[in-house]
Amino acid sequence: MKGIIILIGIVLLLGLLYLISSHKKEVKISIVVKALIVQFILAFLLVKFPFGRIVVSKLSDVVTKILSYGFNGLSFVFGSLADPSQATGFIFIIGALGNIIFLSALVAALFYLGILGAIVKVIGKVVGKILGTTQVESFVAVANMFLGQTESPILVSKYLGNMTQSEIMVVLVSGMGSMSATIIGGYTALGIPMEYLLTASALVPFGSIAISKILLPETEHAKVIENVSMDRKGHHENIISAVTEGAVNGIQAVIAIAASLVAFISIVSLVNGILGVAGLSLEKIFAYIFSPFGFFMGLEGKNILYAGELLGFKLVLNEFVAFQNLGQHLASLDYRTGLMLSIAMAGFANVSSMGICISGISILCPDKRPVLARLAFKAMIGGFAVSILSAMIVGFITII
């Protein structure tokens, strides 16, 4: 029965997206169907197939080991404050967010050396061949498995000016429907298993392209570029320059995330204090508004309302607030529920992301700013749907 409910949920989700499509008659069902089939296959290989689960587990161990090296730098700078076993206990900004600095520098180095670009190019060509999408949009969708919503467009920045509105939609949806490798350490520090996050990342390219092509199918003449070359060095003279900038970007991200958490969590407390007079809370309101998603994800009982609560926090506030809440309750949830909710939270789609995308990408191509501004809201809905679609597919696979 759960499987039937999930399949109905997937149809309803795609149907809702179709209702807000800009050019309904131009939607290519073949692209959507092929993308969904690949997502189901990937989900089976990663979640159900024994060898696939072993690969995800081993990859998770490798990533976790890499993350552990970041604590050497934190210990050097912060001393005992970086050690949660000391009297000071766990300090969130250091223990959960501090590693973002190291990861941001590491990603910048891999970016500069062309390692990330090479991986993106190989996978992107495969995605493009399967779905029949252009190399540029395929590369950006794949890049969002590793990079953030304003970082991945840098790879193809010189092509942004010639991209169609449909291709721009792919850039926006894949950016908001994904998470950056630099932030993953923060999520795991909140108690989210690395395996869950890696599974979510692997499903991003196909899901984001499918949803983008429903919201805004191609109606223009897309410029065909047979061999896309990606800009990996940018303005950097050498790798030291790239790593330094990566570290600076990392500390800026830490400050921004910490500031938003202080603000949002405080505002939620204030609002709850006001709503408490009427016996309500923001959590209860979100739970009921977004609970239909929980139901069609195949969840049961109180988990349906809990899913609605988390989805509300993610969309209205940000994914860190949602993950913090989920991390505190993950031990009390069964494997399937924890996996699905983790995947559903994995993405940047929230109200503030619209401004980040518009400002961040328009720096690379100012001429596209009006297009970005016009598409941002619909892209946020698309990015939100990417994570929910992935969670539904994984939830279906776990019960077959």
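Leaving aside neighbours within four places in sequence, serine 390 is in contact (heavy atoms within 4.5 Å) with Gln39, Leu203 and Ile343. The structure is a predicted model, in which local features need pLDDT of at least 70 and side-chain atom pairs count only at pLDDT 80 or more, while totals for chains, interfaces and linings use all residues. Residues are numbered from 1 along each chain as its sequence is written, and side-chain values use heavy atoms, with hydrogens and water left out.

- Serine 390 is found in helix α18, residues 369-397, where helices are DSSP runs of H or I with at least four residues, strands are runs of E with at least two, and both are numbered from the N terminus.
- Because its relative accessibility is 2%, serine 390 counts as buried, a term that means under 20% relative accessible area, with exposed meaning over 50% and partly exposed lying in between (1.4 Å probe, protein chains only).
- Serine 390 and isoleucine 10 are 380 residues apart along the chain, and their C-alpha atoms are separated by 9.7 Å.
- Asparagine 325 has its place in helix α15, residues 319-329, and counts as buried at 13% relative accessibility.
- Apart from neighbours within four places in sequence, asparagine 325 is in contact with Tyr306, Glu309, Leu310 and Phe313.

**How α5 and α9 pack**

- The axes of helix α5 (residues 99-113) and helix α9 (residues 181-189) come within 7 Å and cross at roughly 155 degrees; axes are lines fitted to C-alpha atoms, for helices over the stretch in contact, and angles run from 0 to 180 degrees between N-to-C directions.
- The two helices α5 and α9 are therefore roughly antiparallel to each other, since angles over 145 degrees count as roughly antiparallel, under 35 as roughly parallel, 65 to 115 as roughly perpendicular and the rest as oblique.
- On the α5 side Ile100, Leu103, Ser104 and Val107 meet Ala181, Thr182, Ile183 and Gly185 in α9.
- By class, this contact of α5 with α9 has 5 nonpolar, 3 polar and no charged residues, where Ala, Val, Leu, Ile, Met, Phe, Trp, Tyr, Cys and Pro count as nonpolar, Asp, Glu, Lys and Arg as charged, and the others, Gly among them, as polar.

**Annotated domains**

- In an unreviewed entry, UniProt lists residues 8-81 as "domain: Concentrative nucleoside transporter N-terminal"; such annotations may be inferred rather than shown by experiment, feature names are shortened, and positions follow the numbering used here.
- The span of residues 8-81 is 82% helix and 0% strand, and its end C-alpha atoms lie 50 Å apart.
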